[in-house]
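Open the model in your viewer and keep the selection panel at hand.

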Amino acid sequence: MSATAKKRAPMPDDIRAAKGGTPLVSLTAYTTPMAEMMDEHCDFVLVGDSVGMVLHGLPSTLGVTMDMMVMHGKAVARGINSAMMVIDMPFGSYEEGREQGFRNGALLMAETGAGAVKLEGGVEMAETIRFMVARGVPVMAHIGLTPQSINTLGGYKVQGRGDARAALIADAKAVADAGAFAVVLEKVPEGLADEITALIDIPTIGIGASAGCDGQILVVDDMLGLFTAFKAKFVKRYAHLGEEGAAAISAYAKDVRARAFPAAEHVFADEAPK
Ligand code: KIV
């Protein structure tokens with residue numbers, strides 16, 4: 001799918017049909033200006049629950065609420081026209097059962113205009129995914145490192161190594177069979193990500209996985225160098241806006257203290273001297 005040839009925002013079926021073709025491009029977004037910046041370049045934009053860490057200073061994604069997702073979803077929707085918007089279901093909004101998953105997925109779509117939701121989990125979420133998809137809520141799955149389970153996974157570690165390999169393959173097959181239109185593979189060894197990509201008939205979207213995935217996603221604040229609390233090995237910084245912003249703020253503070261701002265060109269000089 002070429003970003004320049006798009007006439008309308010892709011739908012979940014378009015994303016599914018991109019399996020094995022030109023890699024899908026995706027980033028997270030949480031605000032209107034960021035969404036505007038990436039709209040023409042992305043096939044889909046994810047309103048990720050990473051918003052809790054990168055914009056709200058939370059220590060993990062666990063404290064993100066439905067209200068936060070709705071607020072940021074509405075902001076992102078104002079900034080995109082040609083990309084599809086996918087929105088994360090926050091921790092605690094779908095794990096209880098399929099009815100809860102449908103209710104909150106439908107609410108996120110209705111309130112924000114998102115074209116699909118994303119939820120974390122494999123085999124254990126298959127029944128919920130099947131129920132939601134059958135009732136009109138397209139689902140993107142997320143397996144491998146699932147940050148909402150950080151306390152049971154024991155840290156932000158690479159997943160699917162050793163004995164866990166077969167379980168991750170089973171997760172991928174289960175979400176594909178249940179009707180997910182794509183699956184995010186986070187922090188999965190390259191060979192395993194390639195194997196899963198070859199095995200299932202829906203696009204794999206890699207984050208810390210393999211260039212062989214059907215698409216890639218990054219947290220936008222990571223790739224722009226705006227989020228500097230830590231940097232995962234798989235993140236490539238395409239800009240260093242955090243450093244540049246800090247230097248700009250320091251320069252402004254120096255100017256103000258030296259009475260060098262505002263200078264003549266910044267002030268309204270229309271008052272005639274008395
Ligand atoms: O919340 C998020 O940003 C995500 C991506 C890392 C895939 O789920």
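Select helix 5 and helix 6: their crossing is right-handed in this predicted model. Helix 5 covers residues 98–112, and helix 6 covers residues 126–134. Show the two axes. They come within 8 Å and cross at roughly 45°. That angle makes helix 5 oblique to helix 6. Two packed helices are described by the angle and the distance between their axes.

Next, show the side chains at the contact. Which residues of helix 5 meet helix 6? On the helix 5 side, pick Arg 98, Glu 99, Gly 101, Phe 102 and Gly 105. On the helix 6 side, pick Glu 127, Thr 128, Phe 131 and Met 132. Now colour the contact by class. It has 3 nonpolar, 3 polar and 3 charged residues.

Stay on helix 5 and select Gln 100, which belongs to this helix. Is Gln 100 buried or exposed? Its relative accessible area is 10%, so Gln 100 counts as buried, the cut-off being under 20%.

Zoom in on the side chain of Gln 100. The one of Glu 96 lies 2.9 Å from a polar atom of the Gln 100 side chain. The one of Tyr 94 lies 3.3 Å from a polar atom of that side chain.

Last stop: the surroundings of Gln 100. Leave out residues up to four places away in sequence, and Gln 100 touches Gly 92, Ser 93, Tyr 94 and Glu 95.

Note on methods: Residues are numbered from 1 along each chain as its sequence is written. This is a predicted model: local features need pLDDT of at least 70, side-chain atom pairs count only at pLDDT 80 or more; totals for chains, interfaces and linings use all residues. Side-chain values use heavy atoms; hydrogens and water are left out. Axes are lines fitted to C-alpha atoms, for helices over the stretch in contact, and angles run from 0 to 180 degrees between N-to-C directions. Helices (H or I, at least four residues) and strands (E, at least two) are DSSP runs, numbered from the N terminus. Angles under 35 degrees count as roughly parallel, over 145 as roughly antiparallel, 65 to 115 as roughly perpendicular and the rest as oblique. A crossing is left-handed if the near helix is turned anticlockwise from the far one by less than a right angle, and right-handed if clockwise. Contact means heavy atoms within 4.5 Å. Ala, Val, Leu, Ile, Met, Phe, Trp, Tyr, Cys and Pro count as nonpolar, Asp, Glu, Lys and Arg as charged, and the others, Gly among them, as polar. Buried means under 20% relative accessible area, exposed over 50%, partly exposed in between (1.4 Å probe, protein chains only). A polar contact is a pair of N or O atoms within 3.5 Å; within protein, one must be able to donate a hydrogen and the other to accept it, and residues adjacent in sequence count only if both atoms are side-chain atoms.
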